[in-house]
Amino acid sequence: MKRQVIAAAAALALPFAAGAGPDDDTLVVNDEIEMVTKAAAPEHLSDVMDEIMSGWHFRSDETQALQMDDFENPAMVFVDQALETWETVEGSKGKSCAACHGDVEESMAGVRAVYPKWNETAGEVRTLNMQINDCRETQMGAEPWKYTGGKMAAMEALISVQSRGLPVNVAIDGPAQSVWEKGREMYYTRTGQLELSCANCHEDNYGNMIRADHLSQGQINGFPVYRLKNTKLNTAHARFKGCVRDTRAETYAPGSEEFVALELYVASRGNGLSVEAPSVRN
């Protein structure tokens, strides 16, 4: 067994030898929304990197082009579906999302940029997905959605679209600080049979090749992401689960305290980049 683990680790590490840095292209969506895809690293990262970069810079020209035009972006199909859901009455209280929030473009502008965030009433850090389900259960009397399910990802994408181009600005001080610190610890902790941390790939080896693809900095300003690999929208927690699994470790459940903390920390690493969601990745 020990020999198999060593062999697996070697196979995973070998592609790191091939490197290709990010490009210097400019992301402009629909010829009108110019995204900040490179920015000075937030102060809390200044000791490990000078610049933060969107995962868009690590993709092929063809994949980049899909995100630059909403008519070409396959994720926008799900945004349209969610817009219909926004207007649909559900649950025992006979309400829709629109019944409380009105027009999604006006009421949700800027929301995605500040999540996850501390919720004073609940006394916890909440992700956007958690808030969506709280609204469904508390305000609508409707069944909660699966945390990484298609309806949840689509609604997250619809809300995120309203913040495209705005800078990620996740608060990490005050009551959210302890959760952020837990997420930071997770980010740098090696796990699994391969003994890899998030930082080993996305901080130490971004730009290098792994499994015939380039490693990015692991920024989540583009989530939910339409992945060409599985032809659907993917949430951040689904990606976290996959990453932990790939280290050959027992992973956490989407929506768990652990992944909420990790999302807060990872989101804060992208403070200053534009909200891109829904983005397109391999």
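Student: Which helix gives the largest share of the lining of the largest cavity?
Tutor: That share, three residues, comes from helix H11, residues 257-268, where a helix is a DSSP run of H or I with at least four residues, numbered from the N terminus. This is a predicted model, in which local features need pLDDT of at least 70 and side-chain atom pairs count only at pLDDT 80 or more, while totals for chains, interfaces and linings use all residues. Residues are numbered from 1 along each chain as its sequence is written, and side-chain values use heavy atoms, with hydrogens and water left out.

Student: How many cavities of 30 Å³ or more turn up, and what is the volume of the largest?
Tutor: The search of the whole structure finds one cavity of 30 Å³ or more (grid points 1 Å apart where a 1.4 Å probe fits but cannot get out, with lining residues having an atom within 4 Å of a point), and the largest cavity has a volume of about 110 Å³. Of the 14 residues lining the largest cavity, Arg112, Tyr115, Ile220, Asn221 and Ala267 are the closest to its centre.

Student: And how does that lining divide into nonpolar, polar and charged?
Tutor: The lining of the largest cavity holds eight nonpolar, three polar and three charged residues, with Tyr and Cys among those counted as nonpolar and Gly as polar.

Student: Switching topic, how many disulfides are there?
Tutor: The count is zero, a disulfide being a pair of cysteine sulfur atoms within 2.5 Å.

Key. On a 1 Å grid over the protein atoms alone, a cavity is a set of points where a 1.4 Å probe fits but cannot get out, and a pocket is an open set with protein on both sides within 12 Å along at least five of seven lines; lining residues have an atom within 4 Å of a point. Grid points are joined across faces, edges and corners, and a volume is the space filled by probe spheres set on the points. Helices (H or I, at least four residues) and strands (E, at least two) are DSSP runs, numbered from the N terminus.
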